[in-house]
Amino acid sequence: KDHRHHAIDAFVVACTDRGLLNRIARASGRAEELDLDRLYPKGDFPEPYDGFRDDLATQLEALVVSHKPDHGLPPGARDNVHVTSGQLHEETAYGLVDEEIDGKRYNLVTRKPIHSLNKNEIARIRDNDLRSALQQLAYEAEGAGKKLEEALAEYGRAHGVRRVRILKTEKSVRVVRHGDGFEKAYAPGDNHRIEIFATEKGDWRGEGVTVFDANQPGFEPAWRRKNPGAKLIMRVHNGDLIEADLGAGRRVYRTCMLDAAANRLKLAGHNEAGSLASRHNDSQDPFRYEMKAYSRLQKAGARRVKVDVLGRVHPVEDF
């Protein structure tokens, strides 16, 4: 769970010569003669030199892991050019509507198999009569201890209903048009990056740029138009390294999630080899991360950095 195990491997290789191999072979031979249940007699495994553990611990403490940047760009391209990699949007296609249920406005509609609906989706069924009927069905199924999926499937077979229209509200939709009047809306996919900028007052703010938007030729983030006096601080992608003092001195962290909706980044130590997904699936996973708002990063003197293959830390200038 720690990327520095690669450095330990390299240390072992560097300390291994023919003389050490011969000493290991002789120790192993003695263990075989003594018919031991271990490869070597206790305390007989040869050390490369006195104090090697302390030396290695000192180096590992100072080591900064080098991560290969992955910005989803063609080789040699800049961040603001037309890009082609990554999922542009979510798979579900929506129709555009303007409707209301119980005072709540909806701008999208899609179709789902009737048996796969949950209670929240039943409450957003577009057809008033069908919505009321299925809400009553769900209430009765719950009272009878019956699975909702089974009750819905039976209703669908009895009434010849296979799919139903569900309404949804999504502010940041992208409309795709082509052909003779074809028009569909899609929810944007993952964020390609977050652009952190300083307002004219000096406060740090941020705006997420989706993969869909990053692929549009000539795309310009809204903050540039709304804040003509603002200054770009840094562009941050998943996996980028951030140097900051978050309370334990200046250290290097890896960006493990772009949480643009909450105006923050999720950061983990540069040596952490786990992920948010692994931590979610295994509560015992030692992977640790911190959630930091842009204002907290400003107070911490954050800057984006890169680490070369020799472990040297260099600042990254965004223009």
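Two strands count as paired if DSSP finds at least two bridges between them. Strands themselves are DSSP runs of E with at least two residues, and helices are runs of H or I with at least four, both numbered from the N terminus. With that in place, take β4 (residues 174–178) and β5 (residues 182–186): 5 bridges join them, and they run antiparallel.

Before going on, a word on the source. This is a predicted model, in which local features need pLDDT of at least 70 and side-chain atom pairs count only at pLDDT 80 or more, while totals for chains, interfaces and linings use all residues. Residues are numbered from 1 along each chain as its sequence is written, and side-chain values use heavy atoms, with hydrogens and water left out.

Back to the hairpin. Which residue stands opposite Arg177 in β5? That is Glu183. The hairpin of β4 and β5 has 3 residues between the strands, and Gly179 takes a positive phi near 70° there.

Next, the sheet. An open sheet of 6 strands runs in the order β12-β11-β10-β9-β13-β14, with antiparallel pairing. At its edges stand β12 (289–293) and β14 (313–315); each has a single partner strand, so one side of each is left without a neighbour in the sheet. From one strand to the next, the twist averages 45°; the axes behind such angles are lines fitted to C-alpha atoms, for helices over the stretch in contact, and the angles run from 0 to 180 degrees between N-to-C directions. Strands of a sheet pair through backbone hydrogen bonds, either parallel or antiparallel. Inside this sheet, β9 and β10 are antiparallel and joined by 5 bridges. Ala244 has Arg251 of β10 opposite.

Is Glu243 buried or exposed? Buried means under 20% relative accessible area, exposed means over 50%, and partly exposed is in between, using a 1.4 Å probe and protein chains only. Glu243 counts as buried, at 13% relative accessibility. Its side chain is joined to that of Arg303 by a polar contact of 2.8 Å. A polar contact is a pair of N or O atoms within 3.5 Å; within protein, one must be able to donate a hydrogen and the other to accept it, and residues adjacent in sequence count only if both atoms are side-chain atoms. Leaving aside residues up to four places away in sequence, Glu243 touches several others, including Arg250, Val252, Gly301 and Val313. Contact here means heavy atoms within 4.5 Å.

Now the cores. A nonpolar core is a set of buried Ala, Val, Leu, Ile, Met, Phe, Trp, Tyr and Cys residues joined through side-chain atoms within 4.5 Å. The largest has 18 residues, and Ile196, Trp204 and Leu265 have the most contacts inside it. Elements giving two or more residues to this core include β6 (191–198), β8 (231–236), β10 (250–259) and α10 (294–299). The largest share, 3 residues, comes from β6. Among the residues that Trp204 touches, not counting those up to four places away in sequence, are Ile196, Ile233, Tyr294 and Leu297. A second, separate core has 15 residues, among them Leu117, Ala151, Tyr155 and Val164.

Last, the charged pairs. Side chains of opposite charge can pair when their charged atoms come close. A salt bridge is a side-chain nitrogen of Lys or Arg within 4 Å of a carboxyl oxygen of Asp or Glu. How many are there by this rule? The count comes to 16 salt bridges.

One of them joins Glu99 and Arg126, whose closest N and O atoms are 2.5 Å apart. Glu99 lies in β1 (residues 95–101) and Arg126 in the loop between α4 (119–122) and α5 (128–143), so the pair ties together parts 27 residues apart in sequence. Glu99 is partly exposed, at 21% relative accessible area, and Arg126 is partly exposed at 31%.

Another pairs Lys146 with Glu154, with 2.6 Å between the closest N and O atoms. Both are partly exposed: Lys146 at 34% and Glu154 at 37%. Salt bridges that share partners also join Arg193, Glu195, Arg224 and Arg235 into one network. Of these, Arg235 is in strand β8 and is buried, with a relative accessible area of 5%. Its side chain makes a polar contact of 3.3 Å with the side chain of Glu195.
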